[in-house]
Amino acid sequence: MTRVFISVDMEGVAGVATFDQIIRGGSGYPRAQELMTGEANAAIRGAFASGADEVLVNDSHGTMDNLLHDRLDPRARVLFGAPRPSCMVQGISAGDSIAVFVGYHAAAGAPGVLAHTFSSNFTELRVNGEAMTEAEVNGLYAASLGVPVGVVTGDDEICDVARKAFPGVTTVEVKRANGYSSADSLAPEAAGAAIFAAVQAAVADAPSLRPAAVPDELVLEVDFASPLMADFAACVPRTDRVAARTLRGQVETVDDLLKLVMAWYYLASLGAQQLGALIHRR
């Protein structure tokens, strides 16, 4: 049986480059939902065109309820809503043939359209001392289950990262970064056609793909945007404070690593809310 897992983010979608598009309530957000759904459908169609038996789509952006379900290819199932411990790769399983990452972006602090790593409250995330993108962290989780990453789509910056991180991966560059919130993008139809072709070929070639290597040691470090955010996140057991804005935690598995990322994520958001309340106090 061929099972395909697809994680779909928004910042790396063709035609998306601004905060107004990626945040619910922005005037550009409804259109970005349509673009995101269109690229998800292109990946779904590509998987089924290559003989997939099952496709699971993970809505992986922000509140994780962005995809327009009534416009999704009905052959696929969709996992949505938050919180969830494995975040963008919730639902992937050891029996999956291939993972596909659509609409992905560069890491916090790196060049790239709307670059960040899981949260705007994280200024850098490192595993074993190396700065990592969401794609690389999610790829480690997939690899821990024996699932290779076969396709990554997004801007030129994340495509460069993916080619170095994932053996045999196919990348689809749907836009080029001209700055943090500026891009030179393919038209949606052209992006969809490229994603369809890439996924179709990668699913057919899935037996030849190999997962990325999983390190024996897993040490997570995050630099937070403010010491207050780190104060909140430092409450997690086995978390070490190594600097005013930096926390470190050593874990046994990639599953535990993602759970720690999520715990720090939500606790840091409490710090951000407290800071916001102070800033806007009248």
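Colleague: Which residues line the second largest pocket?

Modeller: This is a predicted model, in which local features need pLDDT of at least 70 and side-chain atom pairs count only at pLDDT 80 or more, while totals for chains, interfaces and linings use all residues. Residues are numbered from 1 along each chain as its sequence is written, and side-chain values use heavy atoms, with hydrogens and water left out. On a 1 Å grid over the protein atoms alone, a pocket is an open set of points where a 1.4 Å probe fits, with protein on both sides within 12 Å along at least five of seven lines, and lining residues have an atom within 4 Å of a point. By that definition the lining consists of V13, A14, R31, E34, L35, G38, E39, R45, P188, E189 and G192.

Colleague: Which helix gives the most to the lining of the second largest pocket?

Modeller: Helices here are DSSP runs of H or I with at least four residues, and strands are runs of E with at least two, numbered from the N terminus. Both α2 (29–49) and α5 (188–204) supply at least two residues of this lining. The most, 6 residues, comes from α2.

Colleague: What is the volume of the largest pocket?

Modeller: Its lining has 32 residues, and H61, G62, T63, F118 and Y265 lie nearest the centre. By class the lining divides into 16 nonpolar, 11 polar and 5 charged residues, where Ala, Val, Leu, Ile, Met, Phe, Trp, Tyr, Cys and Pro count as nonpolar, Asp, Glu, Lys and Arg as charged, and the others, Gly among them, as polar. A volume is the space filled by probe spheres set on the grid points, which are joined across faces, edges and corners. For the largest pocket it is about 790 Å³.

Colleague: How many residues of helix α3 are buried?

Modeller: Buried means under 20% relative accessible area, exposed over 50%, and partly exposed in between (1.4 Å probe, protein chains only). The buried residues of α3 include E134, V137, L140 and Y141. Helix α3, residues 134–144, is mostly covered, and the buried count is 10 of its 11 residues.

Colleague: How far apart are the closest N and O atoms of R163 and D160?

Modeller: Both residues lie in helix α4 (residues 156–165), 3 residues apart, about one turn of the helix. An α-helix has 3.6 residues a turn, so residues three or four places apart point the same way. R163 is partly exposed at 43% relative accessible area, as is D160 at 35%. In their salt bridge the closest N and O atoms are separated by 2.4 Å.

Colleague: Which residues are linked in a network of salt bridges?

Modeller: R176 and E173 form a salt bridge, with their closest N and O atoms 2.9 Å apart. The network asked about links E124, R126, E221, D223 and R248.

Methods: A salt bridge is a side-chain nitrogen of Lys or Arg within 4 Å of a carboxyl oxygen of Asp or Glu.
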